[in-house]
Amino acid sequence: MIGLDERLVPSRTPLTPARLRALAQALRAGGGALRSLAPEARVAAIDRVAASWLADDSSWRRRAVAELTISTGYPEAAIAISLEQLWGALRAPQLTGALAAEPVADAAQPLPALALHVLAGNVPGVGIFGIVGALLAGVPSLVKPAAREPFLPALFVESLASVAPELQRAVAVAPWRGGTAELDDAALREADVVLAYGRDETLDRLAERRPLRLLRYGSRLSIAVLARSALTRATAHALAQQVALYDQQGCLSPQIALVEQTDRATTDAFAALVAAELDALEHSLPRAMPTLGESASVWRHLEHQRWRAQEGADVAVHGGRDGRASVVCDRTAEWPMSPTFRHLIVLPVATLAAAATPLARITGVVEAVGYAGPMEQMDEVARIAAGAGAVRLCPLERLQAPPFAWRQSGHPRLASFAGDGPRAGLAPAFA
Amino acid sequence: MISLPLTNRTRTSAAADCGEPNVTHAIADITTTADETAQDLQRRVLEFIATPSDGDFDRLALEVHAYQYRSNPPYRRFVERLGGAPPRTWREIPAVPAEAFRMSVLACGSAERVYRSSGTTAGLDRRAAHHVPDVAVYRKAALAGFASAVLPAGTRRRLLVAAPERGSHPASSLGEMVSWLRELYDEDSVPSFLGPDGVDVARFAHTLERVENTGPVVIVAVTTALLRLADWADASGRRFPLTPGSLVIDTGGCKGYDRDLGRSEILACYRRMFGVAPAQVVNEYGMTELGSQLYACGEGPHRAPPWLRVVVTDLATGREVPPGEAGCLRFFDLANLGSVAAIQTEDVGRVRRGGIELLGRAPGAVTRGCSLLSAGRAA
């Protein structure tokens, strides 16, 4: 039996390798019960959980907003948006669609007996899709939450126990300090598959400990591609919203906007408009307080670009006063990178086809492309996105509201558990 | 999130480097050297360094700023870009980011020397270059600062050097300074233990054994050279007790070393190896872009000479942080008369015990450090 208290944070007794092993054992034992549920029953159970989070008077959501505002530093508005998008994507139609697209029941390879999820704290709820994917696939999960954000996984498990008790023995949350060798090793030895989120360095360190199978969700970024006919105030607002939502900390946050240029003045005016929109968002969606190191990296970026502009480089810096949000419009071949924290790089291109050149430098780290423009140019944009190794192409304003079946970091949501490796190429849906 | 080791300067390699076309072109464009004002200012800066007078600093600083505004085109463009009212005190003088020394030639006239950072981590084409039109000011500041903080002028000691010198690292400002120290203080001429392949630990150890009980010595070394020596000494069970009155002067922090040690661990290591108390150990902090240096004795804070002022700032706002809070160091150095006196760095520190406690580099900053030079030959 797994007592409920073992799934909650903070744990009452210190976690030991023996306790972790016992927890893993109990989860594996619970896997049989999970798999004995019909897929429709699992879908229905998760749908109930999602509904309980989306209800007007949801205590889970209220508590999550209160806790996550403190733990992540993001404003209430950002947390509220993230929760709405998260649970909105976990309703029965989406889950059923995913099961139909990625049937795992008749997979040739046996399903893992236990998945370990090592979560990151950069964006709220970043690993929840993975846990739900495991539940749908019939794989129990041991979850190591991020030190910075342990609350959402704990509340999720609490809501499972309350609303979908048939699933509660298939998920446990066990917080421990990453890098504690004996606990890391105990957990990695128990797991047949590890879903790990975080910086590449963190994942490299995990890989060195030789887990049986590692699904990496590492450092990635997203880009916006804007056709010239889309350079409107509405697009500027949508772009600014995507930049501001998680301070560019997520893999779906746009860091670069490739803008199809008609003339300099129009592009510059658009870049200034995005900067103004970002400035305005400081009121409704204020930035998380940067650390000294984060402030320094922003300062370095802004000073570097301002100095280049001062000395004649074809660069314009919009905004950025006192380290606040900025838009750097760069027409040189230097193609700077964003320090994140709401500092967007705009790269004007003569045609959308020409966007492939600056993107070549970041091929392999592009997660998604958010597009604004006429549908007639979609094929062109899809070619560019696929060339950059993106796994998702969507409307600009949906960039950070991914569907459940999104092939995150290339990993199929359900089929990964049946042994499918990461897949290159774009997901078929433009959503 | 300040996690990087204490760093000091990264100055390395060759003297006046006019071979690069962009550099010579830029210098040719710059207003030619010292007019009468410049000569007068140089005289007064040298006088201030010789006999500092607190009351004169602000006036002199504002005149230096006005001179640099007139004579240093990129700096003038920088000041004009910032706009705002003319400064009324040295604290209001616009400080260029240290990064600007990697991007532009910041000099008031033709350079007598060009000092370059090692660029080991930033890449050779991204090295900081300090174009110095008046080496006399640098020499005066470096030696006066050393005499006041470390060893009075006129003292003669055997110097044991494991740091860059002019001959081996002609563009290193530290190398230049160490060579001046040799000329002024060294009563012997033991060749440096730091070569192109790193520190020659075996010869260093052999020399230390040979000079045991022959009188006080002064060790001038990059920190990692001493740490590598300590590793070798620990492995071979050797110790090198120094004669009372000896000094250990280190610089550069742990960059390039396989562990990041705190200052107290480094002092403990020196005590184990040399038998020296913390009061016999002095840490030097300098940077290629700065003519003057700060020194810290034992675990004490770093102190600047009177002609170098330091404030701790919040980079986001540019404002000073309250005493005791961590921020990034901004310098105003009269010894930078010929380039730019006001420099904003990403070195993190806080005001403590009447000095500056250095806390490392802001994460993600370009690593600087002459200590990197000692990597390579460890045994």
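What percentage of the 379 residues of chain B count as buried? The figure is 54%, and it comes from a predicted model, as does everything else in this briefing.

**Chain B as a whole**
- Chain B has 10 helices and 15 strands.

**Where chain B touches chain A**
- Chain B brings 22 residues to the contact, and chain A brings 15 residues.
- On the chain B side, the elements that give two or more residues are α4, α5 (100-103) and β14 (342-352).
- Of these, α4(B) supplies the largest share, with four residues.
- By class, the chain B side splits into 15 nonpolar, three polar and four charged residues.

**Helix pair α10 and α11 in chain A**
- Two packed helices are described by the angle between their axes and the distance between the axes.
- For α10 (residues 233-245) and α11 (residues 264-284) of chain A, the angle is about 50° and the axes are 8 Å apart.
- The crossing of α10(A) and α11(A) is right-handed.
- From α10(A), the contact uses R233(A), A236(A), H237(A), L239(A), A240(A), Q241(A), V243(A) and A244(A); from α11(A), the contact uses F270(A), L273(A), V274(A), E277(A), L278(A) and L281(A).
- That contact has 10 nonpolar, two polar and two charged residues.

**Helix pair α8 and α9 in chain B**
- Helix α8 (residues 201-211) and helix α9 (residues 223-236) of chain B pack at about 75°, with axes 10 Å apart.
- Because angles of 65 to 115 degrees count as roughly perpendicular, α8(B) is described as roughly perpendicular to α9(B).
- Here V201(B), F204(B) and A205(B) of α8(B) meet R228(B), L229(B), W232(B) and A233(B) of α9(B).
- The residues of this contact are six nonpolar, no polar and one charged.

**A buried face on α8 of chain A**
- In helix α8 (residues 181-190) of chain A, the buried residues are D184(A), A186(A), A187(A) and E190(A).
- Viewed down the axis of α8(A), these residues fall within an arc of 165°, so they line one face of the helix.
- The other side of α8(A) has A181(A) and E182(A), which are exposed.
- The cover over the buried residues of α8(A) includes α1 (17-36), β1 (115-118) and β2 (141-144) of chain A.

**Two residues of chain B to look up**
- V281(B) sits in strand β10 (residues 281-285) of chain B.
- With 23 other C-beta atoms within 10 Å, V281(B) is buried, because 20 or more is the cut-off.
- Leaving aside residues up to four places away in sequence, V281(B) touches V248(B), L267(B), Y270(B), V276(B) and G298(B).
- V281(B) and V218(B) are 63 residues apart in sequence, and their C-alpha atoms are 9.9 Å apart.
- P86(B) is in the loop between α4 (73-82) and β2 (96-97) of chain B.
- P86(B) counts as exposed because it has 11 C-beta neighbours inside 10 Å, and 12 or fewer is the cut-off for exposed.
- P86(B) is 20 residues from A66(B) in sequence and 9.4 Å from A66(B) in space, C-alpha to C-alpha.

Technical notes: Residues numbered from 1 in each chain as written. Chains lettered and ligands numbered in written order. Predicted model: local features only at pLDDT ≥ 70, side-chain atom pairs only at ≥ 80, totals over all residues. Arc of directions from axis to C-beta. Contact = placed C-beta atoms within 7 Å. Nonpolar A, V, L, I, M, F, W, Y, C, P; charged D, E, K, R; others polar. Axes fitted to C-alpha atoms, helices over the stretch in contact; angles between N-to-C directions. Left-handed = near helix turned anticlockwise from the far one by under 90°. Parallel < 35°, antiparallel > 145°, perpendicular 65-115°, else oblique.
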